[in-house]
Amino acid sequence: MELNVVSAEQTTGIEDHIPNRLEPAQNDYFAPYWRKFRRDEFWRSIPSWHDVSERVFLDAMWQEQNAVINRERLERLVGPLVDPSFLDDATEGMKRAPMAMRISPYIISLINWAGPISDPLRRQFLPLGSEIEEDHPLLGLDTLGEQSDSPVAGLTHRYRTKALFLPTSTCPVYCRFCTRSYAVGTDTEEVAKVRLGAGRERWKNAFDYVAEHPELEDIVVSGGDAFRLKPDQLKTIGDALLDLPNVRRIRFATKGLAVQPMKIITDRGWLNALTAVSERGRYLRKEVCLHTHFNHPNEITGITEDAAGLLFERGITVRNQAVLLRGVNDGDDCLVDLGRRLSTLNIHPYYTYLCDLVTGTEDLRTTIARGISLEKIVRGTTAGFNTPTFVVDTLGGGGKRDVHSFEYYDPDFGLAVYAAPSVKPGKFFISGDPLRDLRQDVRDVWQNPATRTELIDNVLKNICHHC
Ligand SMILES: *Cc1c(COP(=O)(O)O)cnc(C)c1O
Ligand code: SF4
């Protein structure tokens, strides 16, 4: 048994848990540790799953049925491993979060329950009351303005040639920081969601819209998650889009490879449906690929290696879109390790997003300055084509912008301004660093609506003088 990732067995408490980093195996210190994937039966450290065999754990259905969706299930599984106060903290977190909870057994088993507070996987999926920070005044639900750029329910047409189609509103897990908190997941105490069910009628309206807009050539089928589509649904969507002569590229987006990789191995119906769409696309000289969402090296195991291997064998290009999250992957080495691990699996790191300005996620956000410094650290550590572009998805629908391409950025004020000439020419889009990283007097400026408006107006006025 070879362990290269921090696990419950290796760790005795928070003190000696090193977040954000893979630990090189002691006996193999100079070997490239990012190339080794754990193959132990790690789920057996959860008492209720002590007797779960590999065959059962790899069953995609079992993973679905045993997802943790409420406090009762969480308590049953990890109650014996954690302090009771931790469960109370989690209950408080769930009450106040805009996202419903859903955590796959795969992820539950990879969390270090001896030190859950600092665990990078726990932080992404299980909110704690004690870590919630007051929202930055720019935070909201749907701050990217996806709904106002949607001509048809569940189809966002922001970029001239590209559209985003949301086929369903469910995912194999729910991420605390999801941009689509307005629609994805079940209702929470805080948020009643916009309904976007997997209805064929709604899909047909979206396909008709794409057909009527010949400039559209690139369709992102995204969150809700392609893993939650049945094989025939995946095939229906793929075929309908491939039938349109203007559509040249389709991407199916799924978090699944990162949180439930065994589905690729054991749900052959699903893999075959994806392969069939991909092969038909290849015959038509159109690209069909998979976009996924790994954020931390601990999410990658031997099971992931096998799943990614199968996709590669079938000629399906896989790209990764990570989110930069404080206390998850904002350490110096984490994204380097992640990029190298993904490269080993033939998954191309494509984007690293700064965390969107979503209600209830202030504690997960980092500054733009941190995004820029991490990009410097990452570039050069693996192949250039496996090096992600660090992007900010701007408030109000300017779209994705390279973090470095700001018109203005003052880390002291925590304010950045971007232009997006290809999306909304002549307009400026702002973004704000987390308040915690600003001086108290600047924080006061942000928290007062009048001085905040004055600060933003002044900056925008000066930018216009230069152009
Ligand atoms: C991200 C996104 C796309 C795809 O953009 P790429 O930069 O090509 O990955 C398309 N539409 C919307 C609304 C998006 O947010
Ligand atoms: S998998 Fe994607 S769409 Fe689903 S909750 Fe996470 S970030 Fe949102």
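Tutor: This is a predicted model.

Student: Where does ligand 2 sit?

Tutor: Ligand 2 sits in the largest pocket. That wording needs more than half of its atoms within 2 Å of the pocket's grid points.

Student: What about ligand 1? Which pocket does ligand 1 take up?

Tutor: The largest pocket is the space taken by ligand 1.

Student: Why is the pair between lysine 162 and ligand 1 called a polar contact?

Tutor: A polar side-chain atom of lysine 162 is 2.8 Å from an oxygen atom of ligand 1. The cut-off is 3.5 Å, so the pair counts as a polar contact.

Student: How do you know that arginine 251 and tyrosine 351 make such contacts with ligand 1?

Tutor: Apply the 3.5 Å cut-off again. For arginine 251, the distance is 2.7 Å. For tyrosine 351, it is 2.5 Å. Both pairs therefore count. The protein covers 92% of the 380 Å² of accessible area that ligand 1 has on its own.

Student: Which strands supply at least two residues each to the shell around ligand 1?

Tutor: Strand E1 (155-159), strand E2 (162-165) and strand E7 (347-354) do. The shell divides into 5 nonpolar, 1 polar and 3 charged residues.

Methods. Residues numbered from 1 in each chain as written. Chains lettered and ligands numbered in written order. Predicted model: local features only at pLDDT ≥ 70, side-chain atom pairs only at ≥ 80, totals over all residues. Heavy atoms only, no water. Polar contact = N/O pair within 3.5 Å; in protein donor to acceptor, adjacent residues only side chain to side chain. Areas by Shrake-Rupley, 256 points an atom, 1.4 Å probe, with all protein chains shown as cover. 1 Å grid on protein atoms, 1.4 Å probe; cavity = no way out; pocket = protein on both sides within 12 Å on 5 of 7 lines; lining within 4 Å. Helix = DSSP H or I, 4+ residues; strand = E, 2+ residues; numbered from the N terminus. Nonpolar A, V, L, I, M, F, W, Y, C, P; charged D, E, K, R; others polar.
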